[in-house]
Amino acid sequence: MTCPYLEYRDDDGELEFDHERPFCRAQESFVSPMRADICNDRYDFDHRDHCEVFRNAEDGEAATPLAEGQD
Amino acid sequence: MTYEEYLDGRKVVLTVAPTGGVHGKDANPNVPEQPEEIAAEVRTCEERGAAIAHLHGRDEHGENSARRLQAVNDAVRDRCEDIVVQNTTGGQATYEERVQGIRTDPYPEMASLDMGPFNREQHIITEHNRHNIESLAEEMREKGIKPELECFNNGHLNEVHRLIETGLLEEPYYVNIIFGHGTFTMPSPENVLNMIRNLPEGAEFNLLAVGRHQLPLTTLSAIMGGHVRVGMEDNLYLERGVPVESNAQLVDRTANVLEGLGCELATPAEAREMLGIGGTKRAISG
Ligand code: SF4
């Protein structure tokens, strides 16, 4: 399952991008292509097992995950 | 691949690695991600002296996707004169995904072949076991694709010797020695010399080093008779705190240093000759 903190944005508030980029709501920043493979659970990576940002966010409730279907 | 060959004026093959799969525009907005962006960068680098382009594919969001290599290859061939296309078969993807790098149409003239796994961040380990490595080597041999043997650390050189013994490689063996953090070989001139000392007979070598090690260690490579790889896959900064503006900026800087050392850059045709690259662009049949 794609990480509930992941969303795609086509601007950073100032600059517009040609295409949408992966943005992590838990850390309030865009993430690298390598990291986004984990956000998307591709290649057997899993955000719950493999992402320390996800775990910290869940423990500390730093950010609210998107509800199912909201993305 | 010797200091004497440097003194004798042997040409240096410059490879540009414009994008990779690790960094994105979040790290440096100048990293090219989409096929046309990558191809435009590669074309400028070819004009400045790059003979080989080491290519990765990204999906529409900039994420790793070997399936986009076909589109990247097409765009590069459309724009460039003669640069050698070298596709990745590396990275963190599964074997089924990575093998797409040698299944484009036409086949690439070269492809990278990682000699073993390496770690990244807290949990990423690339999936390069011997079975996968040999399968890729075999398919490359069948298709006339020249492998670039990626040695992320000196243990990987053992695997180059082993692959030679299995008869899967042809001379000259083109070995890429890699220096950086994590499980890469620690970046120092002494380690560069040590890696070169342990190369097999009949090898040509290329050097890549990450970040601030890129310029000094590639320069050392050229002096030791080797070849060089530069580009934003390996280095996002021109100097501390100054982001790279384009791949051409890195190519220019290295080309200027090499010129000062009396080295001429090889053209793509000369690179094919020196490295034993088939040069035939075969179509996929069946
Ligand atoms: S970085 Fe971690 S928390 Fe953020 S979107 Fe990706 S998997 Fe989720």
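Helices (at least four residues) and strands (at least two) are DSSP runs, numbered from the N terminus. The structure is a predicted model.

One such loop, between α4 (95-98) and β4 (110-114) of chain B, holds Pro106(B). The peptide bond between Asp105(B) and Pro106(B) is cis, with omega about -5 degrees. Chain B has another cis peptide bond between Glu171(B) and Pro172(B), where omega is about -10 degrees. Pro172(B) sits in the loop between α6 (155-165) and β8 (173-179) of chain B.

Glu28(A) is not a glycine, yet its phi is positive, about 55 degrees. The place of Glu28(A) is the loop between β2 (16-24) and β3 (29-30) of chain A. These features are worth noting because most residues other than glycine have a negative phi, and most peptide bonds are trans.

Next comes the ligand. Which residues surround the ligand? The shell consists of Cys3(A), Tyr5(A), Leu6(A), Cys24(A), Gln27(A), Arg35(A), Cys39(A), His47(A), Cys51(A), Val53(A) and Phe54(A). Sorted by class, eight of the shell residues are nonpolar, two are polar and one is charged. Two helices of chain A, α1 (33-39) and α3 (52-60), each give at least two residues to this shell. The space that the ligand takes is the largest cavity.

Arg35(A), one of the residues around the ligand, also takes part in a salt bridge with Glu52(A), at 3.3 Å from N to O. Side chains of opposite charge can pair when their charged atoms come close. Over all chains the count is 28 salt bridges.

The two chains also meet each other. The size of an interface is often given as the accessible area lost when the parts come together. For chain A and chain B the buried area is about 1,900 Å², 56% of it on carbon and sulfur atoms. Of the area that chain A buries against chain B, 36% comes from Pro33(A), Met34(A) and Tyr43(A), more than from any other three residues. The contact involves 20 residues from chain A and 25 residues from chain B.

How many salt bridges are found across the interface of chain A and chain B? There are three. In a salt bridge between Glu63(B) and Arg42(A), the closest N and O atoms are 3.4 Å apart.

Tyr43(A) is also in contact with Thr94(B). Leaving aside neighbours within four places in sequence, Thr94(B) touches Tyr43(A) and Glu127(B). Thr94(B) is located in the loop between β3 (84-87) and α4 of chain B. From Thr94(B) to Asn132(B) is 38 residues in sequence and 10.0 Å in space, C-alpha to C-alpha.

Note on methods. Residues are numbered from 1 along each chain as its sequence is written. Chains are lettered from A and ligands numbered from 1 in the order in which they are written. This is a predicted model: local features need pLDDT of at least 70, side-chain atom pairs count only at pLDDT 80 or more; totals for chains, interfaces and linings use all residues. Side-chain values use heavy atoms; hydrogens and water are left out. A residue is near a molecule or strand if one of its heavy atoms lies within 4 Å of it. On a 1 Å grid over the protein atoms alone, a cavity is a set of points where a 1.4 Å probe fits but cannot get out, and a pocket is an open set with protein on both sides within 12 Å along at least five of seven lines; lining residues have an atom within 4 Å of a point. A molecule sits in a cavity or pocket if more than half of its atoms lie within 2 Å of its grid points. Ala, Val, Leu, Ile, Met, Phe, Trp, Tyr, Cys and Pro count as nonpolar, Asp, Glu, Lys and Arg as charged, and the others, Gly among them, as polar. Contact means heavy atoms within 4.5 Å. Buried area is the accessible area (1.4 Å probe) that two parts lose on being put together, summed over both. A salt bridge is a side-chain nitrogen of Lys or Arg within 4 Å of a carboxyl oxygen of Asp or Glu.
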